[in-house]
Amino acid sequence: MAEFRAVYGAEVDPWEYRVVPFEVDAVNAELAGLDPRSPFAVEQLEGPIAVFLRGVHQPLVRRRLRGLLAESALGTAAPADPETAARMVAPYRWLLDRVGTDGIALTGAGYLPPVHVSAAMDELGLADEWIGKGNREDLTWPVLHLRASARQLGLVRVARKRVVATAAGRRLVDDPVGLWLHLAQRMPMGTSDDAEYAAGMVALVMAAAGSTDGLDAVVAQVLSSRWSEGDGRPIRPLTALHIARDHVTVLRRLGALTSGPVGGDRDRPTAEGRDFARMALVTDRPA
């Protein structure tokens with residue numbers, strides 16, 4: 001006490017300078033989450049990824065995502081050139097052309113008629129992805145997913161038991177770059193409160209970073225920070241893989257990922273896929 005007063009004076013109360021209690025483990029975990037490779041702060045991010053990342057509160061998960069974002073070069077996001085855009089959006093343009101101005105009447109069970117399913121399998125080269133005759137939509141997942149994802153992406157809808165193009169679908173069918181941008185704006189699918197949306201965001205981040213190695217594990221980590229399995233345990237990688245499947249399939253359909261097991265060794269982002277993922281991460285969804 002005498003030494004303190006000798007330095008600071010008798011009028012200063014040393015008890016006003018007590019050490020503030022803190023949790024050592026919590027501080028260390030947060031410091032570990034500050035990735036020195038990242039050239040930006042979270043607060044400097046814009047677009048959907050900024051909202052998503054600020055909602056991830058677990059330090060180790062944030063660190064993993066920040067490391068991936070450091071490799072993603074989001075600042076280089078730009079629309080695809082017309083040739084690249086046309087190649088990537090070809091499956092969805094095919095569906096819009098098939099639907100046409102009159103739409104397609106669904107079967108009594110609510111599926112595309114066999115003639116359209118067979119045409120999709122043949123003309124889009126989907127036969128290698130599926131077994132069976134490929135003429136019943138309910139038994140032909142690639143075609144079923146194409147139509148379902150086109151609906152989620154705002155290109156088609158069902159009205160009076162017919163599949164019809166939306167206003168956006170009609171407007172963009174002959175505008176490959178505009179359609180490419182539309183798809184980027186609509187990814188990830190779903191709402192920010194959905195596990196599927198979160199899984200899609202992780203898939204986009206990893207695609208933009210140039211690698212989907214361990215996609216199932218990263219998705220599982222992110223989802224486990226908010227959700228759990230039915231038995232209360234953290235999300236398993238296999239469950240995460242299933243939740244991410246729709247988004248990964250869209251990326252494959254666009255040629256953004258090479259074909260292969262989801263999250264597997266052959267599943268690699270293409271150069272144009274990285275560009276698409278970057279745009280999706282920084283572009284706000286239209287109201």
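Reader: Which helix supplies the largest share of the lining of the largest cavity?
Author: The model is a predicted one, in which local features need pLDDT of at least 70 and side-chain atom pairs count only at pLDDT 80 or more, while totals for chains, interfaces and linings use all residues. Residues are numbered from 1 along each chain as its sequence is written, and side-chain values use heavy atoms, with hydrogens and water left out. Helices (H or I, at least four residues) and strands (E, at least two) are DSSP runs numbered from the N terminus, and at least two lining residues each come from α6 (90-99), α7 (114-123) and α8 (141-152). The largest share, three residues, is from α8.

Reader: How much space lies in the largest cavity?
Author: On a 1 Å grid over the protein atoms alone, a cavity is a set of points where a 1.4 Å probe fits but cannot get out, whereas a pocket is an open set with protein on both sides within 12 Å along at least five of seven lines; lining residues have an atom within 4 Å of a point. Grid points are joined across faces, edges and corners, and a volume is the space filled by probe spheres set on the points. One cavity of 30 Å³ or more is present. The volume of the largest cavity is about 40 Å³.

Reader: How do the residues of that lining divide into nonpolar, polar and charged?
Author: The lining consists of Trp94, Leu95, Leu112, His116, Ala120, Val143, Leu146 and Arg147. Ala, Val, Leu, Ile, Met, Phe, Trp, Tyr, Cys and Pro count as nonpolar, Asp, Glu, Lys and Arg as charged, and the others, Gly among them, as polar. The division for the largest cavity is six nonpolar, one polar and one charged.

Reader: Which residue is the salt-bridge partner of Arg147?
Author: A salt bridge is a side-chain nitrogen of Lys or Arg within 4 Å of a carboxyl oxygen of Asp or Glu. Arg147, one of the residues lining the largest cavity, is buried at 12% relative accessibility, where buried means under 20% relative accessible area, exposed over 50% and partly exposed in between (1.4 Å probe, protein chains only). Its N to O distance in the salt bridge is 2.7 Å, and the partner is Glu137.

Reader: Why does this pair tie together separate parts of the chain, and how many residues apart are they?
Author: Glu137 has a relative accessible area of 1% and is buried. Because Arg147 is in helix α8 and Glu137 in the loop between α7 and α8, the pair joins parts whose separation in sequence is 10 residues.

Reader: Are the partners in the salt bridge of Arg136 and Asp138 buried or partly exposed?
Author: The side chains of Arg136 and Asp138 meet at 2.8 Å, N to O. Relative accessibility is 44% for Arg136. For Asp138 the relative accessible area is 31%. By these values both Arg136 and Asp138 are partly exposed.

Reader: How many residues apart are Asp213 and Arg268?
Author: The closest N and O atoms of the salt bridge between Asp213 and Arg268 are 2.9 Å apart. Asp213 is in the loop between α11 and α12 (215-224), and Arg268 in the loop between α13 (237-253) and α14 (271-282); this link between distant parts of the chain spans 55 residues.

Reader: Which helix gives the most to the lining of the second largest pocket?
Author: The second largest pocket holds about 180 Å³ of space. Its lining includes Pro48, Phe52, Tyr197 and Trp227, and the elements giving two or more residues are α3 (48-54) and α11 (195-209). With three residues, the helix that gives the most is α3.

Reader: Which residues does Thr249 touch, leaving out those up to four places away in sequence?
Author: Thr249 belongs to helix α13 and is buried at 8% relative accessibility. Contact means heavy atoms within 4.5 Å. Under that rule Thr249 touches Trp141 and His145.

Reader: Over which residues is the pLDDT below 50?
Author: pLDDT is the predictor's confidence in each residue, from 0 to 100. The chain has a mean of 87, with 84% of its residues at 70 or more. Where pLDDT is low, the predicted coordinates should not be read in detail. The stretch with pLDDT below 50, which has 11 contacts beyond near neighbours in sequence, is residues 36-40.
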